[in-house]
Amino acid sequence: MITAVSIASVFVKDVDASKAFYTDVLGFQEHTDITLGDGYRWCTVKSPTQPDLQIHLTVPGPPIPDDMVAAINRALDAGNMFGIGVNVDDCRKTYEDLQAKGVEFIQTPEERPYGVEAVARDNSGNWMVLVEPKTYSPADFD
């Protein structure tokens, strides 16, 4: 039986730059950074408040076929890859703090039925959805 999600992978352009972005800018903590056989790098970060979930930062490459690697890189370059969604205590404040650190936002904080939401891009172009959650019901979407 599956009991929890423990790892989520995010494709990035450069592991070192992304690790610095996720730790220095977003406040994640380094978890693992090792190089395995054939130069494969396994780098994960984690949220200090959710240590059981690792975010695996990885450059697209083997065993992914070359045409898929090219497609992923095009999507990253265009800023059209989905990345992670994170909960925040105060979306407007987090937006201001991250914007001051140079984070690119493609949506300012807006009220939604499920809370206040903003959308940013990480330094590789992945979307990051920030949500200040609130209690809602399906009727809130009518």
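In strand S8 (residues 126-133), Met 128 is the bridge partner of Ala 120, with strands taken as DSSP runs of E of at least two residues and helices as runs of H or I of at least four, numbered from the N terminus. The model is a predicted one, in which local features need pLDDT of at least 70 and side-chain atom pairs count only at pLDDT 80 or more, while totals for chains, interfaces and linings use all residues. Residues are numbered from 1 along each chain as its sequence is written, and side-chain values use heavy atoms, with hydrogens and water left out.

Met 128 of S8 is also the bridge partner of Ile 84. Strand S5 (residues 81-87) and S8 pair in the parallel sense over 6 bridges, where pairing requires that DSSP finds at least two bridges between two strands. Strand S7 (residues 115-121) runs antiparallel to S8 and is joined to S8 by 7 bridges. Leu 130 in S8 is the bridge partner of Ala 118. The hairpin of S7 and S8 has 4 residues between the strands, and Gly 125 takes a positive phi near 100 degrees there.

The open sheet consists of 4 strands in the order S5-S8-S7-S6, with mixed pairing. S5 and strand S6 (104-112) each have a single partner strand and stand at the edges, so one side of each lacks a neighbour in the sheet. On average, neighbouring strands of this sheet are turned by 15 degrees against each other, direction ignored; the axes are lines fitted to C-alpha atoms, for helices over the stretch in contact, and angles run from 0 to 180 degrees between N-to-C directions.

In helix H1 (residues 15-25), the buried residues include Val 15, Phe 21, Tyr 22 and Val 25, buried meaning under 20% relative accessible area, exposed over 50% and partly exposed in between (1.4 Å probe, protein chains only). Ser 18 and Lys 19 of H1 are buried as well. At the start of H1, the backbone nitrogen of Asp 16 has a side-chain oxygen of Asp 14 within 3.0 Å. Gly 27 follows H1 and has a positive phi, near 90 degrees.

Thr 49 lies in the loop between strand S3 (41-47) and strand S4 (50-58). Thr 49 counts as exposed because its relative accessibility is 74%. The side chains of Thr 49 and Ser 47 are joined by a polar contact of 3.0 Å, a polar contact being a pair of N or O atoms within 3.5 Å; within protein, one must be able to donate a hydrogen and the other to accept it, and residues adjacent in sequence count only if both atoms are side-chain atoms. Between Thr 49 and Val 15, which are 34 residues apart along the chain, the C-alpha separation is 23 Å.
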